[in-house]
Amino acid sequence: PITPSQSSSSSATTTTTNGDNELVLTRVHPNGCAVVGLNRHRALNALNIEMISSVTRALEAWRHDERVRFVVIKKSGKTDSGRGFCAGGDIRALFDHPFQAHVFFQAEYRMDYALSCYPKPVVSFLDGITMGGGVGISVHGALRVLTDKTLFAMPETGIGLFPDVGGSYILSRCAGEVGMYLGITGQRLKAADAMYAGIGTHYVASSRVDAVIEALQSQSFAGSSRSFVAVEKALRAALDERCDALASDSGSLHKWRPFIDAAFSAPSLVQVEERLRAMAASTSHGDDDHKTHGSAQWAAKTLKTMSTKSPLSMHITFRAIRQGAKMSLRSVFELEYRIACRIGRARLDFQEGVSALLVRKDKKPKWAHSSISRVSAAEVDRYFAPFGEVQTDTADGQTLRPLFAKED
């Protein structure tokens, strides 16, 4: 079963708080730099409930520790210690225990939200594969460092889920319709494109990450410089000085941006598909314009990508991102919690998507709907309704409740 660890770490504020065999390594540097090191390299640091519980305990301890000035989140060890910063969440556990999935989502979303409003600056180093849960634990802080090893994606529609961990908020605030495009297609981005999308604030070569962190740990925070604003300003200045320039137009996303905005600004997912089909067919009408030819190629490739994703998940994603643009992050997490719990309990596309990826391993999921047009608005409505309006909200002895208590 998915159960949060009840053990505590009373040494969370010492120089070294746990051993190298732990899944999360935490320590506090003398200058007040508290470090979270993700240490599950064989699984690309994918988050399980134990890791989430460990990070949450450390954050709570450091919140009240006057010595701690800021937090660094990174993969453990040196920069060559693994390919993944954090490749997502433990989807196999959610697959095996669908009616316990709410325990995982509750712990993960609360941790992510705590990072977004943490009283001390958070610096994340997205040095490697950063997907799903790895996005949630890294992008809600003000300072986000990308590297040449960064590979960012929200690929959830490919397993019957949706871009959660605050993705409905994050993606809705990308330039134009870039976020919608990323959420629907799961497109993978390297550093330049991730910077263009607004995912990162700084860039440094992976080989220099350790040196940059050492530079942050050499900063002195005394007297009035201990305030949140002063510490964040000092950290930003240190990163500005030591990080490398990275032209956001050195990737591909800016070239696709006009096509993305033209297609994904449609008022419905069905109309997005219609616009893409029209773009893909444009060269067949004798238009040899270079730009038109480029848009046709891009549209055809995008349609092919979308054909592999769950139609239901794409509809849920489309609506969540549109709604997320008008919501606070806290409200987004509440919404995503309802959606995620119901997806887990429905045993439809999520079960099929994970089975195709991890059980059968044929990567050929058979989705519940054959196409986007087959998904009704009423089906999507069920995932967005308040708790208590869907039958599976009470099942297997578990009744779903809101993510946050009113007094939180």
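This is a predicted model: local features need pLDDT of at least 70, side-chain atom pairs count only at pLDDT 80 or more; totals for chains, interfaces and linings use all residues.
Me: Why is helix 11 called roughly perpendicular to helix 13?
Reply: Helix 11 and helix 13 (residues 311–324) pack at an angle of about 105°, and their axes are 10 Å apart. The class roughly perpendicular runs from 65 to 115 degrees, so the pair belongs there. The contact is made by Leu269, Val270 and Val272 of helix 11 with Met314, His315 and Phe318 of helix 13.

Me: Which residues of helix 11 are buried, and why are they said to line one face?
Reply: The buried ones are Leu269, Val272, Glu273, Leu276 and Met279. Seen down the axis of helix 11, they fall within an arc of 125°, so they line one face of the helix.

Me: What does helix 1 reach from its first C-alpha to its last?
Reply: Helix 1 (residues 49–63) has 15 residues and reaches 21 Å, close to the 21 Å expected. Its buried residues include Ile49, Val55, Leu59 and Trp62. Among the elements covering the buried residues of helix 1 are strand 1 (24–28), strand 2 (33–38) and helix 3 (101–116).

Me: Why is Ser76 called buried?
Reply: Its relative accessible area is 5%. Buried means under 20%, so Ser76 qualifies. Ser76 lies in the loop between strand 3 (70–75) and strand 4 (84–86). Its side chain makes a polar contact with the side chain of Asn39 (2.6 Å). Ser76 also touches other residues, including Leu25, Gly37, His41 and Ser81.

Me: Why does Ser373 count as exposed?
Reply: Ser373 has 56% relative accessibility. Exposed means over 50%, so Ser373 counts as exposed. Ser373 sits in the loop between helix 15 (349–359) and helix 16 (377–384). The side chains of Ser373 and Ser371 make a polar contact (3.0 Å). In sequence Ser373 and Leu312 are 61 residues apart, while their C-alpha atoms are 9.9 Å apart in space.

Me: What is phi for Asn45, and is this residue buried or exposed?
Reply: Phi of Asn45 is near 60°, a positive value in a residue other than glycine. Most residues other than glycine have a negative phi. Asn45 lies in the loop between strand 2 and helix 1. Its relative accessible area is 0%, under the 20% limit, so Asn45 is buried.

Me: How do you know whether Lys363 is buried or exposed?
Reply: Its relative accessible area is 64%. That is over 50%, so Lys363 is exposed. Lys363 lies in the loop between helix 15 and helix 16. Phi of Lys363 is near 55°, a positive value in a residue other than glycine.

Me: How many helices and strands does the chain have?
Reply: The chain has 16 helices and eleven strands. Buried residues make up 54% of its 408 residues.

Terms used: Residues are numbered from 1 along each chain as its sequence is written. Side-chain values use heavy atoms; hydrogens and water are left out. Buried means under 20% relative accessible area, exposed over 50%, partly exposed in between (1.4 Å probe, protein chains only). Helices (H or I, at least four residues) and strands (E, at least two) are DSSP runs, numbered from the N terminus. The arc is that of the directions from the helix axis to the C-beta atoms. A polar contact is a pair of N or O atoms within 3.5 Å; within protein, one must be able to donate a hydrogen and the other to accept it, and residues adjacent in sequence count only if both atoms are side-chain atoms. Contact means heavy atoms within 4.5 Å. Axes are lines fitted to C-alpha atoms, for helices over the stretch in contact, and angles run from 0 to 180 degrees between N-to-C directions. Angles under 35 degrees count as roughly parallel, over 145 as roughly antiparallel, 65 to 115 as roughly perpendicular and the rest as oblique. The expected span of a helix is 1.5 Å times one less than its number of residues. Lists of a residue's contacts leave out its neighbours within four places in sequence.
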